[in-house]
Amino acid sequence: MARVTDAVNTWLGKRLAWLILAAVVVSAVNATVRKVFDTSSNSWLELQWVLFSMVFLLCSPWTLLANEHIRIDIVNNMLPKRLRDSIDVIGHAFFLLPLAFIMTVTGIPFFLRSYEIGEQSGNAGGLPQWPSKSLIMIGFVMLLFQGVSELIKRIAVMRDLIPDPHASQKSSLETEAEEMISAMEIEKH
């Protein structure tokens, strides 16, 4: 189950992350049209929000899988590995999974009501609302499965059943420091 979930979320995340570029292009075109032609479109404005929402909600499981979710790296890296693993297990079991479950359970009727009535934007010329409301349901279902996958793997790592998939991963702080040092060395030459 964990392998399938990881594979699906990696495949989707890598493809959907490109929607950030689409959101930037739509945003730039919207701004240009508004400034140059003194006109705008609510549907195009809402489209950029939907594109960003798709990336945020549908790529969050991939972010969790890649161990790039938000945490305080400076504090986290000073803790012993066993404690970090325990914090991950507790965080996933008691915070992430219940939140993802609640958002899934409440997101389904939220989407279904919108779909049944064919809900439209309150803005003139805006987009239908039910597709964007479906993103909440879909994104949290995917996050729920990825959270279960991460919990399974973290417990297996703590029991020495599998190697830690993130053991060789550098923290974002280490990566950023290395990039700054490289940039400084390039400037010297």
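Which residues line the largest cavity? They are Leu64, Asn67, His69, Arg71, Asp88, His92, Glu150, Arg154 and His166. Keep in mind, as you look around, that this is a predicted model.

**The cavity**

- A search of the whole structure turns up one cavity of 30 Å³ or more.
- The volume of the largest cavity is about 60 Å³.
- Its lining is made up of one nonpolar, four polar and four charged residues.
- Helix 5 and helix 6 each give at least two residues to the lining of this cavity.

**The largest pocket**

- The largest pocket has a volume of about 630 Å³, and 22 residues line it.
- If you want to find its centre, look for Leu64, His69, Ile70, Arg71 and Leu96, the lining residues closest to that point.
- Leu64, His69 and Arg71 are also among the residues that line the largest cavity.
- Four helices each supply at least two residues of the pocket lining: helix 3 (42-65), helix 4 (73-78), helix 5 (81-117) and helix 6 (130-158).
- Helix 5 gives the largest share of that lining, with six residues.
- Sorted by type, the pocket lining holds twelve nonpolar, seven polar and three charged residues.

**Helix 6, end to end**

- Helix 6 has 29 residues.
- From its first C-alpha to its last, helix 6 reaches 42 Å, close to the 42 Å expected at 1.5 Å a residue.
- Just after helix 6 comes Asp160, which takes a positive phi of about 60°.

- Side chains of opposite charge can pair when their charged atoms come close.
- Across the whole structure, a search finds seven salt bridges.
- One of them joins Asp6 and Lys153, whose closest N and O atoms are 2.7 Å apart.
- Asp6 lies in helix 1 (residues 2-16) and Lys153 in helix 6, so this pair ties together parts that are 147 residues apart in sequence.
- Asp6 has a relative accessible area of 14%, so it counts as buried.
- Lys153 is buried too, at 13% relative accessibility.

**Salt bridges: a network around Asp85**

- What links Lys81, Asp85, Arg154 and Asp164? These four residues are connected in a network of salt bridges.
- Lys81 and Asp85 both sit in helix 5, four residues apart, which is about one turn of the helix.
- An α-helix has 3.6 residues a turn, so residues three or four places apart point the same way.
- Lys81 is partly exposed, with a relative accessible area of 33%, whereas Asp85 is buried, at 6%.
- Asp85 also meets Arg154 in a salt bridge, at 3.0 Å from N to O.
- That pair links distant parts of the chain, with Arg154 in helix 6 and Asp85 in helix 5, 69 residues apart.
- Are Arg154 and Asp85 buried or exposed? Both of them are buried.

Technical notes: Residues numbered from 1 in each chain as written. Predicted model: local features only at pLDDT ≥ 70, side-chain atom pairs only at ≥ 80, totals over all residues. Heavy atoms only, no water. 1 Å grid on protein atoms, 1.4 Å probe; cavity = no way out; pocket = protein on both sides within 12 Å on 5 of 7 lines; lining within 4 Å. Points joined across faces, edges and corners; volume = space filled by probe spheres on them. Nonpolar A, V, L, I, M, F, W, Y, C, P; charged D, E, K, R; others polar. Expected span 1.5 Å × (residues − 1). Salt bridge = Lys/Arg side-chain N within 4 Å of Asp/Glu carboxyl O. Buried < 20%, exposed > 50% of the residue type's maximum accessible area, 1.4 Å probe, protein only.
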